[in-house]
Amino acid sequence: MFAIAKKLREKGVLGLNERNSDYIMRLNPRRLYPLVDDKVLTKELALKAGMAVPDLYGIIAHQGEVREFADIVRDRNSFVIKPARGSGGDGIFVVVGRGKRKRDNYRLSSGLFVSEGEILHHISNTVGGQYSLSGNPDKALIEYCVHFDPTFSEVSYQGVPDIRVIVYRGYPAMAMVRLPTRASDGKANLHQGAVGAGVDLRTGETLNGVLENDVVDEHPDTGALIAGLKIPMWNFILESSARGYDVTGLGYLGVDMVIDRDRGPLILEMNARPGLNIQIANRTGLAHRIARIEAIYDASASPEERAAVARREFPAHELSPGARTET
Amino acid sequence: MKQRYVFVLAALLAVIGLSVFLYKWQVLGFPLSEDQETPVWTIESAVNFDSGPGSIKVQLHVPTLTPGFRMLNENSVSRGYGFNLNYGSGGREAQWAIRRADGEQTIYYRISVYEDDSVDQSDTTPPFPPLPVINEPLKTAVDVLVSDVRDQSADTASFTAELLRRVNDPTPDPNIELLLAGAGSSAEFVGVITTILAAARIPARMVHGFPLSGRQRSASLVTWLEVHDGDQWLYFNPMTGEERLPERFFVWWRGNEPIVTVEGGSNVEVGFAIQQNHLDAVAIAETQAAKRGTIAVDFSLYSLPIQTQAVYGVLLMIPIGALIMVIMRNLVGIDAFGTFMPVLIALAFRETKLLWGLVLFTTLVALGLSIRFLLDRLRLLLVPRLSAVLIVVVLLMLFISLTSHRLGMETGLSVALFPMVIIAMTIERMSVVWEERGAADAMRAGIGSLVVAIAAYIFMGLAWLEHLIFTFPELLLLILALVVLAGRYTGYRLSELRRFKALSLE
């Protein structure tokens with residue numbers, strides 16, 4: 001038992017306790033949380049900073065406004081409904097189409113048809129706070145449904161694959177691609193059975209995937225190879241995530257992005273308590289990278305410079321701290 | 001930096017908690033375990049006499065310095081007499097007085113004592129006694145005896161031992177025979193010995209008392225010899241010369257004076273009765289602390305009304321449950337619903353007992369969940385739905401109670417003790433997790449909650465721990481220190497070793 005702990009320590013694997021007390025509590029002041037916990041605020045901030053986000057179609061903030069839903073989506077065939085304060089991808093409805101004859105029948109990304117009544121119920125639950133972190137009343141966002149880039153179409157089962165970048169004090173430290181599976185019900189959430197694949201920060205190429213806690217080479221549903229996919233506009237993704245720090249001020253930040261076929265990488269949301277599974281997906285610990293960032297930290301560096309530093313410093317396949325040589 | 005403050009704070013809390021605890025335990029004698037009882041002896045002396053025509057004054061020697069025993073309380077029972085305590089040459093004297101009395105009188109004096117090895121003879125060192133005035137021919141006999149014994153001894157102790165050997169010799173020499181000629185009672189016998197010792201300039205006095213053992217209707221006083229060797233008092237058995245007090249010898253009074261003097265009365269008799277009973281060690285410690293005037297007793301939970309005590313007996317265990325919760329969450333890494341839900345469930349288990357508690361809880365949650373899924377079809381808004389679940393939970397509790405009562409299983413009635421709001425929230429949370437993350441996750445967190453609840457129940461149910469915390473609530477500071485320390489634990493959780501195992505293999 002202690003041998004495993006020692007080994008993990010050597011590998012620089014970050015545990016929940018350490019993440020919470022040494023990074024989240026130290027670098028993420030509580031007052032900044034609303035900026036990322038409320039997706040409406042995040043969207044506004046990101047827009048102000050000139051970052052690309054999915055278009056907002058409408059906000060439903062009160063039970064009384066729930067019936068405005070039909071008006072909001074009158075001209076849209078596809079859209080996403082999500083709670084403003086949701087977490088872990090819970091409570092997100094992805095509507096990809098409508099019934100041909102009955103316009104108030106909606107087709108979800110899973111292929112299921114749901115009636116408008118069901119959607120209204122879902123929205124009112126969302127507004128009531130069912131998916132919000134503390135159970136408080138919430139808002140429902142209705143926004144642009146991303147038409148995702150074909151890069152990952154072979155390795156996704158429905159849903160939208162997204163890219164998670166951990167940004168430490170403004171420097172991208174680690175990244176992974178989250179690929180939905182049948183088990184995860186189209187959600188890009190590793191806890192629910194999505195596949196996570198580490199990303200080589202230098203090249204933007206995917207590494208092998210991880211399902212639950214095991215390494216996988218192929219997507220469990222499509223059978224396609226996971227490793228070696230080149231993420232388009234990788235440098236832009238790194239720079240956008242680095243900019244997430246300037247926008248939110250959170251020193252330990254998770255930035256979630258999707259790549260739209262037409263509009264390129266869009267910021268979906270940001271997270272003040274990003275999970276630790278990214279370490280499994282990259283098969284490397286965060287602690288050493290964090291230590292390296294601390295060593296070269298430069299408060300005056302621009303997001304572009306920080307992204308460049310990340311590309312230089314954190315290529316994949318660092319085997320052990322001892323073997324890592326700076327180039 | 002912060003780390004250091006945490007350690008300092010934890011150390012401070014631990015030190016305060018532990019030192020108050022040690023003070024109460026070691027100095028005030030609060031017991032560590034519940035069934036610790038201390039034998040307490042109650043000695044009652046009854047003074048009987050026939051009253052004379054005039055005013056009556058009774059003087060009774062009462063225990064003053066009692067090596068090996070500590071006084072718990074004392075009182076006197078006398079009808080119409082005025083009472084006060086004085087210090088005389090032989091120690092404390094109880095004094096009763098009355099202007100007139102008719103017929104036979106009885107005055108009781110009662111003292112309760114318990115064994116305490118720390119009570120020592122704290123008497124002052126006596127001055128060398130003046131040479132006694134002895135008339136011839138006794139004077140020559142004493143001088144000869146003293147010089148003989150001095151030749152055959154080295155110090156006070158051996159002198160006394162040698163003297164006692166000689167006076168107890170079945171065939172004593174003529175000098176001793178002469179000296180002891182008038183000594184009829186054992187008190188008079190010891191009186192002669194003290195005189196001889198005084199002639200040798202050795203401070204000596206009589207000690208009167210009795211060995212305490214069980215219950216005695218009429219105990220008779222035994223006289224012992226006390227000799228000061230310059231440092232401390234030594235006790236000698238005047239009959240054997242053995243240098244030690246009998247087991248549990250309780251000293252009543254010292255000196256040559258009679259135990260009781262009655263002015264204005266006749267046919268005086270003194271009887272002693274001894275009774276042994278056991279008293280809760282806590283009560284004794286309380287009395288002691290009260291005598292010392294420490295605030296420890298003012299803030300003791302035992303001073304609260306019994307009912308409140310019972311409430312606190314349970315409440316004080318909640319920190320233990322919280323500690324278990326911290327360990328399970330942050331050190332082991334078990335998933336559970338709600339932060340303190342398992343602790344509250346564990347509290348309910350205390351009443352229902354574990355097995356029944358588990359059965360009832362599982363039944364309640366399972367039934368609640370299935371009804372919650374039915375409610376889901378109605379598409380209720382959040383707060384009304386939660387309220388509906390709550391009402392369903394109350395109804396289910398009622399149903400379980402009534403059913404089990406009909407079946408003659410009275411344990412089922414205790415289902416009412418489960419915190420229903422917490423259970424309703426648990427059902428709601430569980431159903432949401434079930435829907436979103438699947439049955440496996442919901443079950444895992446549900447079972448996790450139960451595991452933590454069982455662990456909390458086991459620790460919160462330890463009788464000795466409960467007594468310890470109740471008697472020494474300051475130990476909660478220690479638990480606070482532990483929790484604070486755990487709050488800065490940045491190592492891996494046990495479950496993470498498994499989670500990240502793949503990383504350790506490469």
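Visitor: At roughly what angle do the axes of helix α9 and helix α14 of chain B cross?

Guide: The model is predicted. In it, helix α9 (residues 318-332) and helix α14 (residues 439-460) of chain B have axes that come within 9 Å. The crossing of α9(B) past α14(B) is right-handed. The angle between the axes is roughly 140 degrees.

Visitor: How many nonpolar residues does the contact of α9(B) with α14(B) have?

Guide: From α9(B), the residues B:I320, B:G321, B:I324, B:M325 and B:M328 take part, and they meet B:V452, B:A455, B:A456, B:F459 and B:M460 of α14(B). By class, this contact has no charged residues and one polar residue, and its nonpolar residues number nine.

Visitor: Is B:P342 buried or exposed?

Guide: B:P342 belongs to helix α10 (residues 341-352) of chain B. Beyond its neighbours within four places in sequence, its contacts include B:M325, B:V452 and B:A456. A residue needs 20 or more other C-beta atoms within 10 Å to qualify as buried. Because B:P342 has 30 such atoms within 10 Å, it is buried.

Visitor: What distance separates the C-alpha atoms of B:P342 and B:A322?

Guide: Along the chain, B:P342 and B:A322 are 20 residues apart.

Visitor: Which elements of chain B do the buried residues of α3(B) pack against?

Guide: Helix α3 (residues 156-167) of chain B has 12 residues and reaches 16 Å from its first C-alpha to its last, close to the expected 16 Å. Its buried residues are B:T156, B:F159, B:T160, B:A161, B:L163, B:L164 and B:V167. An α-helix has 3.6 residues a turn, so residues three or four places apart point the same way. The buried residues of α3(B) pack against α2 (138-151), α4 (174-179), α5 (186-199), β9 (222-228) and β10 (233-236).

Visitor: How many polar residues are on the side of chain A that touches chain B?

Guide: In this interface, 30 residues of chain A are in contact with 23 residues of chain B. Elements giving two or more residues to the chain A side include α1 (2-11), α2 (16-27) and α6 (116-128). By class, that side has eight nonpolar and seven charged residues, while its polar residues number 15.

Notes:
Residues are numbered from 1 along each chain as its sequence is written. Chains are lettered from A and ligands numbered from 1 in the order in which they are written. This is a predicted model: local features need pLDDT of at least 70, side-chain atom pairs count only at pLDDT 80 or more; totals for chains, interfaces and linings use all residues. Helices (H or I, at least four residues) and strands (E, at least two) are DSSP runs, numbered from the N terminus. A residue is buried if 20 or more other C-beta atoms lie within 10 Å of its own, exposed if 12 or fewer, and partly exposed in between; C-beta atoms are placed from the backbone. Two residues are in contact if their C-beta atoms, placed from the backbone, lie within 7 Å. Ala, Val, Leu, Ile, Met, Phe, Trp, Tyr, Cys and Pro count as nonpolar, Asp, Glu, Lys and Arg as charged, and the others, Gly among them, as polar. Axes are lines fitted to C-alpha atoms, for helices over the stretch in contact, and angles run from 0 to 180 degrees between N-to-C directions. A crossing is left-handed if the near helix is turned anticlockwise from the far one by less than a right angle, and right-handed if clockwise. The expected span of a helix is 1.5 Å times one less than its number of residues.
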